[in-house]
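This briefing describes the structure of a single protein, topic by topic. Please keep the sequence and the structure in view while reading.

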Amino acid sequence: MANEERINKIIDELTLFDDDLMSRVFDKNIEATEYVLQIILGRKIKVVSVKGQENFKNPVTNGRNITLDVHAEEEDGQEIDIEVQGGAEGAHIRRARFHSSMTDARMLKKKQKFRDLKDSYVIFIYKHDKFGKGLPVYHINRHHIEETGELFSDGSHIIYVNGKYKGDDEVGRLIRDFHQSEAEKIENKALADGVKHFKETKGGRKLMCEAVEKYAQEVAEEREKKAEKRGEKRGEKRGEKRGEKRGISRGEILKIIKITVKKVQKGYTMEAVAEDLEESVDTLRPIYEAVEKAAPDYDAEKIYESLDK
């Protein structure tokens, strides 16, 4: 298949769970942004600005920067970061904390009072069920007074939306729209029009082709760097299974096995375990499957040895 055909096939299959498409659909699209936020937050909302793929630079030298998929601001100054996440990589719960801190750090000007700090929201619309409980939305109250159990309301809000939710309600209909690759199958007009523009018009399609090509190049370069750093060699099955070619020691692998055992016993999916460990699903798969086969004894040493077989 020619490169152009491959790119067009990728674009045809993109959904709103793919940030390259999602961030462009929502960029300056106040109607679509208000629609999504009103469903997730459960209240009326007036958005005054919305930007896709906005970069937040870390003021610390060599500090990590972030790019928000969608950055919206309400009329009262509240800041909202909307992230879509299709896979396990990049979905660690501490990412939400980091995004929240980066958003807050930009909200006060010099000499402004801390009481002037507006509420901030970090919303992850995740393709899977992050916490495996089947709920449509999970609201995270990060802070409470330990001795009394009372909430410590600092105005920071973290929300996860369950991308596997299939209820016949507003959230369920929103999630169905996010899963659609064809504009005509999307129920909400603002979302459908946005997807149609970037998939079916000449100008929009051109922008998506450029975005996909750029992303493919970045992925290729990143993989090359990682391969050089870790000394990975394709085809060395033993190294891949045990992680030794990735520079992971026996002790570290055993630690991953023991954590995976605990997660499996609690009913965690492979995707959820991979997220918590900040590993890709493909990397974790042999360990996860070995742990499942080891039930009910879950002997870590035996599981480790089985990875060679």
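The largest nonpolar core of this protein comprises 44 residues, and those with the most contacts inside it are Phe26, Ile123, Ile125 and Phe178. Helix α3 (residues 30–41) contributes the most to this core, namely six residues. The model is a predicted one. The protein contains 12 helices and six strands.

**Cores and burial**

- Nonpolar side chains tend to be buried together in soluble globular proteins.
- Isoleucine 125 touches residues including Phe17, Val36, Ile40, Ile82, Val84, Val161, Ile175 and Phe178, when residues up to four places away in sequence are not counted.
- Its contacts also include Glu83 and Gln85.
- Of the 309 residues of the protein, 42% count as buried.
- The protein exposes about 18,700 Å², of which carbon and sulfur atoms supply 47%.
- Among the contacts in the protein with a separation of 6 or more, 60% are between residues 24 or more positions apart.

**The sheet**

- Six strands form an open sheet with mixed pairing, in the order β1-β2-β3-β4-β6-β5.
- The edges of the sheet are β1 (47–56) and β5 (137–140); each has a single partner strand, so one side of each is left without a neighbour in the sheet.
- On average, neighbouring strands of this sheet are turned by 20° against each other, with direction ignored.
- Strands of a sheet pair through backbone hydrogen bonds, and the pairing is either parallel or antiparallel.
- Strands β2 (residues 66–74) and β3 (residues 79–85) run antiparallel and are joined by four bridges.
- Valine 70 stands opposite isoleucine 82 in β3.
- Strands β3 and β4 run parallel and are joined by seven bridges.
- The bridge partner of isoleucine 82 in β4 is isoleucine 123.
- Strands β4 and β6 also run parallel, with seven bridges joining them.
- The bridge partner of tyrosine 121 in β6 is histidine 157.

- Why is β4 described as largely enclosed by the rest of the structure? The reason is that seven of its seven residues are buried.
- In a regular strand the side chains alternate between the two faces of the sheet.
- Both faces of β4 are covered, with Ser120, Val122, Phe124 and Tyr126 buried on one side and Tyr121, Ile123 and Ile125 buried on the other.
- Helix α4 (residues 93–104) lies across β1, β2, β3, β4 (120–126) and β6 (156–162), and runs at about 145° to β4.

- Helix α9 (residues 250–265) has 16 residues and reaches 23 Å from its first C-alpha to its last, which is close to the 22 Å expected at 1.5 Å a residue.
- Which residues of α9 are buried? They are Ile253, Leu254, Ile256, Ile257, Thr260, Val261, Lys263 and Val264.
- Glycine 267 follows α9 and has a positive phi, near 90°.
- Aspartate 20 is located in helix α2 (residues 19–26).
- Is aspartate 20 buried or exposed? Aspartate 20 is buried, because its relative accessible area is 16%, and buried means under 20%.
- Leaving aside neighbours within four places in sequence, aspartate 20 is in contact with Met208, Ala211 and Tyr215.

**Backbone features in the loops**

- Most residues other than glycine have a negative phi, and most peptide bonds are trans.
- Lysine 111 lies in the loop between α4 and β4, and its phi is positive, near 70°.
- Lysine 111 is exposed, because its relative accessible area is 77%, and exposed means over 50%.
- Glutamate 278 lies in the loop between α10 (270–277) and α11, and its phi is also positive, near 55°.
- Glutamate 278 counts as exposed, at 57% relative accessibility.
- A cis peptide bond, with omega about 0°, joins alanine 295 and proline 296.
- Proline 296 is found in the loop between α11 (281–293) and α12 (300–306).

Methods:
Residues numbered from 1 in each chain as written. Predicted model: local features only at pLDDT ≥ 70, side-chain atom pairs only at ≥ 80, totals over all residues. Heavy atoms only, no water. Helix = DSSP H or I, 4+ residues; strand = E, 2+ residues; numbered from the N terminus. Expected span 1.5 Å × (residues − 1). Buried < 20%, exposed > 50% of the residue type's maximum accessible area, 1.4 Å probe, protein only. Contact = heavy atoms within 4.5 Å. Core = buried A, V, L, I, M, F, W, Y, C linked by side-chain atoms within 4.5 Å. Areas by Shrake-Rupley, 256 points an atom, 1.4 Å probe, with all protein chains shown as cover. Pairing = 2+ DSSP bridges. Axes fitted to C-alpha atoms, helices over the stretch in contact; angles between N-to-C directions.
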